[in-house]
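Colleague: Could you walk me through this one? I'd like to hear what stands behind each label you use.

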Amino acid sequence: MPKIRTSAIQQWFGRLPGHVGVGNVRYTTSGKTDEKSLIKGTQPVTASKDDLKLAISYNGNVVNTFKIKKEVTEKFPDFTYECDSDLICHKLLIELLKGKDLSSAVKTCMVEIDGAFSVAGVTQDGDLFAFKDAHGIRPLCAGHSENGSTFAFSSETVSLDINGFIRDFELEPGELVQVSRDGFERQRLLRGERKALCSFEFAYFARPDSHFDDKYVYEIREEFGRNLVRENPDIVKDADVILSVPETGDDPALGVHEESGIRWERASRRHRYVTERAFLLLNKERQPTIDKKINILAPKINGKRVIVTEDSIVRGDTTKVIVEKLRRMGAKKVYLFVTFPRIVGPCFYGIDMATYGQLIGSRHSSEEIGKIIGADAVCYQSLEGLVKATGLRRDELCTACTTGEYPTPLAQKMADIMKKRFSEGFEETGRIYEADDMMKCE
Ligand code: SF4
């Protein structure tokens, strides 16, 4: 990720005129990943033609990249693709240039773009709007300031909270919301598709202090911990202490402690200023970063049988480094309690796990994974347990990376092709939705 100086942002904010704005801290799952490209692809992105202009900020991932890119390039011959945010912005502008109003233009985008998109944007007249794809894969909520004079959209409720805003509602799948002086004007443009909110948000991605409807993410994670105890009684009987991989393992650790009575030792301390997400790093960067990021208090675990709470295992190498570290510090046994079920397939909707080859769970059972990473056991929470803890129904969640059932048609097609190729020994080296031969898929 490019580093941005906070002080420079503050100064820049102070210079900004106007009464409306959009910003973004997304890590992109499309486009190039070198620093220059990431800076170029920084959101909000803009598009303009004739007297129309748009700026948007976007979370998610476009799956039918080729189709949309082709259409955009035909209309804008000088278009250069940095990442899929550019595609969404230009596609919306194309529809507006046809003379459609915002609702019709957004509706066409919802119908024609395959993927996940939660979008907040501003028109040339300074009108603020937001919309979500027909499955509502990524979160997006709306709120207002205490005095009712300012309105805001955010991926998570936490950013409303910390800015003193009151959350009003989570956008429905296929919903467009426009803002006027009187408040929010809500329009459900598409119905009928099943809701498919990303279940990984609950285990890993969302902040614990964000909430969905009436449930905080931390409460759900605590329940994940309790589930893991109920699902693994024999392991629990054989354990002396609990240790969490901070921070997404902390709330489940409390749940494990409550349900089992085993002491949760705060034996893993996170470095306050090392904030890189280890699973996004290159292999060679991972071990030194984890060593710097997480320090283990050896006296707390030396000679003990330890339950370690972790949010997920993606490639496995991050977890392996942690297990090795625990062994070095004298842990007698290491049992992993993993809140997100085994990840067996890639994500096409905005989480950076793009190929079967990079997923340890696509090739190995939990027993095999235990051996590879050096743990005595790897216990994944069941999908049923996860679903129940969220308070949502199974058919309201996307669980594609754990089940292979994708909520959008092109993603399913791509996953099936990739899986077949993978079983025949071929390994994708990049993101399939950006690979040339995927044009055939679309
Ligand atoms: S595939 Fe997995 S990570 Fe991606 S949106 Fe679905 S549940 Fe979330």
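Modeller: Of the chain's 442 residues, 56% count as buried. This is a predicted model, where local features need pLDDT of at least 70 and side-chain atom pairs count only at pLDDT 80 or more, while totals for chains, interfaces and linings use all residues. Residues are numbered from 1 along each chain as its sequence is written, and side-chain values use heavy atoms, with hydrogens and water left out.

Colleague: What makes a residue count as buried?

Modeller: Buried means under 20% relative accessible area, exposed means over 50%, and partly exposed is in between (1.4 Å probe, protein chains only).

Colleague: Why is Asp50 called exposed?

Modeller: Asp50 has 69% relative accessibility, so it counts as exposed. Asp50 sits in the loop between strand E1 (45-49) and E2. It also has a positive phi of about 50°, although it is not a glycine.

Colleague: And what makes Asp213 partly exposed?

Modeller: Its relative accessible area is 49%, so Asp213 is partly exposed. Asp213 lies in the loop between strand E11 (211-212) and strand E12 (215-216), and it too is a non-glycine with a positive phi, of about 50°.

Colleague: Why bring up those phi values?

Modeller: Because most residues other than glycine have a negative phi, and most peptide bonds are trans. Glu247 lies in the loop between strand E13 (241-244) and helix H10 (250-260).

Colleague: How do you decide what is a helix or a strand?

Modeller: They are DSSP runs, numbered from the N terminus: H or I over at least four residues for helices, E over at least two for strands. The chain has 18 helices and 20 strands.

Colleague: How do you know that the buried residues of H3 are on the same side?

Modeller: In helix H3 (residues 65-75), Thr65, Phe66, Ile68 and Val72 are buried. They cover an arc of only 165° around the axis, so they are on the same side of H3. That arc is taken from the directions from the helix axis to the C-beta atoms. Lys70 and Glu74, on the other side of H3, are exposed. The cover over the buried residues includes strand E2 (52-62), helix H4 (84-97) and helix H5 (102-112).

Colleague: What makes a set of residues a nonpolar core?

Modeller: They must be buried Ala, Val, Leu, Ile, Met, Phe, Trp, Tyr and Cys residues, joined through side-chain atoms within 4.5 Å. The largest such core has 42 residues, and Phe200, Phe202, Phe348, Tyr349, Met353 and Tyr406 touch the most other members. Its largest share, 6 residues, comes from H18. Apart from it lies another core, of 32 residues, among them Tyr58, Ile88, Cys109 and Met110.

Colleague: Which residues does Phe202 touch?

Modeller: Contact means heavy atoms within 4.5 Å. Leaving out residues up to four places away in sequence, the partners of Phe202 include Leu197, Phe212, Ile220, Phe224 and Thr390.

Colleague: At what angle do H8 and H16 pack?

Modeller: At about 145°, with their axes 9 Å apart. The axes are lines fitted to C-alpha atoms, for helices over the stretch in contact, and angles run from 0 to 180 degrees between N-to-C directions. Ile220, Glu223, Phe224, Asn227 and Glu231 in H8 meet Gly385, Leu386, Ala389 and Thr390 in H16.
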